[in-house]
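Hi,

Here is the structure I promised to pass on.

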Amino acid sequence: MTIPRRSWRGAGALVAAAVVGLTGGVISAGPAVAHTPTWAVTCSEVTVDLTNYTSDVPNTVTVSVDGKDLLPTETFGREFHKKLALPDHDKPVTVRLVVKDADGEGKHSIDQTKTAEVCEEEPTPPPTEPAPGEPAPSKTPSTATPEPSATPSDEPSESAPAVPAPSPSSPDLAETGSSSTTPVIGGAAVAVLLAGGGILWAVRKRRTAQG
């Protein structure tokens, strides 16, 4: 049985149309799944990863914490990657990510919020004990200030050596030619002379009276 040439042509046209239809469907579906926004929030930081966006349009991204800008509005092209440190906080805070897709109607734009919890303080590790056989760590040497010595006194010490007294056995000083007995001897001689004169006068008077 011979198939007419026109039928071959018609079948070829149908196959080509089907291929074009499938290709168009894949192409049109591609951009819908191409944009990949990913972001994560911990107690201390925010990580933003945006990929497969249209590179020749001004896409924008903004990150805020409790209404305050952590990342002011920034323009990006095909990709955007950034890690932001959160400010210190003692209670949970709300982190908001706003991405505006400038391609077409902006149907890949996102506006999401996440909560950043308070970071728990790390427990202080207990002091390590030395293993058996190892010497214990020495303590820090004392830095006590030595006591100052007593202030020297202006008064002489009681224990100062006394001036030695002159020895009694030392030789007398040399005599100077006069003696302490000279006035006594002189006085006795005068008394003798006076007594003798008195006796002589008494004898003469008696003789005169007898003659």
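Predicted model: local features only at pLDDT ≥ 70, side-chain atom pairs only at ≥ 80, totals over all residues.

**Strands, core and confidence**

β3 and β4 pair in the antiparallel sense over six bridges; strands here are DSSP runs (E, at least two residues), numbered from the N terminus, and two strands pair if DSSP finds at least two bridges between them.

Residues are numbered from 1 along each chain as its sequence is written, and side-chain values use heavy atoms, with hydrogens and water left out.

Back to the strands: β4-β3-β6-β7 is the order of an open, antiparallel sheet of four. β4 and β7 are at its edges with a single partner strand each, so one side of each has no neighbour in the sheet.

Then there's the largest nonpolar core, with 20 residues. That means buried (under 20% relative accessible area, 1.4 Å probe, protein chains only) Ala, Val, Leu, Ile, Met, Phe, Trp, Tyr and Cys residues joined through side-chain atoms within 4.5 Å. Val-46 and Val-95 touch the most other members, and β6 gives the most to this core, with four residues.

On confidence, the average pLDDT (the predictor's confidence in each residue, from 0 to 100) is 73, and 55% of the residues score at least 70. Over residues 22–33 the pLDDT is below 50.

Cheers

Terms used: Buried < 20%, exposed > 50% of the residue type's maximum accessible area, 1.4 Å probe, protein only. Contact = heavy atoms within 4.5 Å.
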